[in-house]
Amino acid sequence: MAIRHVLYNGLNRSLLGMSRRLNLHSLPCYFNSRWIRLDPGSWQRIVQAYEPYVAKAIGENLRRGEVFLDVGAHVGLWSAFAANIVGKLGAVYAFEPSSTVYQQLERHAIVNPPMIPMKCGVGSHDEESTFF
């Protein structure tokens, strides 16, 4: 396990450095048996940790051509993962009200079709509220 950690950290540093030098906006990431594209900052988080039980549940229940709703999508990790599963015949709606991370979500949507970012929250009432 320690060797794997060292290799991941070395690969991570190399790819992040390369992406900066080449001005790349996204990097390929092999995430739970699927290739997705993420911006370099998000890619680094994937190398460090993820939630395998969520990936397993999505992978076992979502099919090509279906629709996936990611409520509270943040930067769109699960949206990108779902987009890879549903393919071009499906749709992934990624809802994120935070302006802070929405720009990253938009960048991930560009390189992970059919991901559609939506800058809004989702709730049980039709109203405006303050988001912190």
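## Basis

Local features in this predicted model need pLDDT of at least 70, side-chain atom pairs count only at pLDDT 80 or more, and totals for chains, interfaces and linings use all residues. Residues are numbered from 1 along each chain as its sequence is written, and side-chain values use heavy atoms, leaving out hydrogens and water.

## Helices α3 and α4

Two packed helices are described by the angle between their axes and the distance between the axes. Helix α3 spans residues 52–61 and helix α4 residues 77–86; helices (H or I, at least four residues) and strands (E, at least two) are DSSP runs, numbered from the N terminus. The α3 and α4 axes are 10 Å apart, at an angle of about 30°. Axes are lines fitted to C-alpha atoms, for helices over the stretch in contact, and angles run from 0 to 180 degrees between N-to-C directions. The two helices are therefore roughly parallel (angles under 35 degrees).

In α3, Val-54, Ala-55, Ile-58 and Gly-59 meet Trp-78, Phe-81 and Ile-85 of α4 (contact means heavy atoms within 4.5 Å). The residues of this contact comprise 6 nonpolar, 1 polar and no charged. Ala, Val, Leu, Ile, Met, Phe, Trp, Tyr, Cys and Pro count as nonpolar, Asp, Glu, Lys and Arg as charged, and the others, Gly among them, as polar.

## Backbone features

Most residues other than glycine have a negative phi, and most peptide bonds are trans. His-74 has a positive phi, near 55°, and lies in the loop between β3 (67–71) and α4.

Pro-113 and Pro-114 are joined by a cis peptide bond, with omega about 10°. Pro-114 sits in the loop between α5 (99–111) and β5 (115–118).

Notes: Parallel < 35°, antiparallel > 145°, perpendicular 65-115°, else oblique.
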